[in-house]
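Biologist: I am new to this structure. Could you take me through its surface and its salt bridges?

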Amino acid sequence: HGGDGDEAIAKMLEEIGLFTAMGVNVGLVNPSAKQLGSCFMEQARTDRVDGLFTTVVTTRLNEALGLVYSSKESVIAALECNRGVYYSRSRAALWRKGDTSGHYQNLHRIDIDCDADALRFTVTQRGKDVKAFCHLNDLTCWGKPTGFRGLEETLAKRMKDAPVGSYTKRLFNDPVLLRNKLVEEAQELSECVSRQHGAEEMADVLYFAMVKAATLGVTLDDVAVELDKRDRKVTRRKGDSKEDRIKAADAILKK
């Protein structure tokens with residue numbers, strides 16, 4: 001289109017509005033960050049007197065990291081650098097997360113909610129010392145994570161500095177033991193018949209699987225990306241069991 005100047009952007013938005021009013025779908029080809037951000041924010045509405053938009057920041061697993069505010073300018077800035085950029089009400093200026101603290105974010109996508117009055121930033125939280133969104137050095141503004149993310153953080157700590165007698169550290173140092181435990185727990189899960197037993201064995205499988213993932217540098221966000229890729233696949237493999245892998249697992253279990 002005609003460029004990134006304010007007049008050119010206004011003309012582009014006017015033309016898009018005319019086409020969409022006629023029921024014509026409009027697509028942007030290789031848009032600039034300003035063009036894309038301006039078109040995206042044209043959908044948004046706010047009743048706040050300051051004109052800002054409530055913004056929820058989440059991980060790729062849809063875990064809420066915190067609540068911030070965005071403006072059209074901050075959204076464009078975020079698209080320009082592919083990072084979490086918001087509007088700081090206390091500073092009355094754009095706020096690129098991590099420039100001071102080092103706890104920056106890789107931006108993956110921006111969504112608008114069903115009422116078009118709130119945004120969601122999907123990010124990967126980074127940090128040299130700790131991956132923290134909160135100023136209290138926690139991943140989230142609601143305290144330390146639990147569940148899968150809490151386990152992931154614990155495993156990362158164990159890799160760096162495990163207490164004496166740590167079973168997790170033993171697994172890190174003994175790949176054969178880790179492999180055997182993964183196979184053993186998967187076999188036990190496959191034979192569960194009750195809900196409670198299934199939950200217990202599933203927890204075991206997930207623990208050992210996440211230990212293995214940690215040794216490979218694989219994160220929960222990496223797994224989420226892979227699952228989303230598979231969800232978009234049009235064709236899939238038959239999914240039959242692999243006889244050679246079944247035999248290999250049987251050999252491990254018979255030791």
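Biologist: Where is the place of Lys160?
Modeller: Lys160 is in helix H4, residues 147–160; helices are DSSP runs of H or I with at least four residues, numbered from the N terminus. This is a predicted model, in which local features need pLDDT of at least 70 and side-chain atom pairs pLDDT 80 or more, while totals for chains, interfaces and linings use all residues. Residues are numbered from 1 along each chain as its sequence is written, and side-chain values use heavy atoms, without hydrogens and water.

Biologist: Is Lys160 buried or exposed?
Modeller: Lys160 is exposed, because its relative accessible area is 68%; exposed means over 50%, buried under 20% and partly exposed in between, with a 1.4 Å probe and protein chains only.

Biologist: And helix H2, which of its residues are buried?
Modeller: Among them are Ala33, Phe40 and Met41. Seven of the nine residues of H2 (residues 33–41) are buried, so this helix is largely enclosed by the rest of the structure.

Biologist: Changing topic, how many salt bridges are there?
Modeller: The count is 12, a salt bridge being a side-chain nitrogen of Lys or Arg within 4 Å of a carboxyl oxygen of Asp or Glu. One joins Arg48 and Asp50, at 2.7 Å from N to O.

Biologist: What about Glu184 and Lys181?
Modeller: Their side chains also form a salt bridge, at 3.0 Å from N to O. Both residues lie in helix H6 (residues 175–190), three residues apart, about one turn of the helix. Glu184 is partly exposed at 26% relative accessibility, whereas Lys181 is buried at 16%.

Technical notes: Helices (H or I, at least four residues) and strands (E, at least two) are DSSP runs, numbered from the N terminus.
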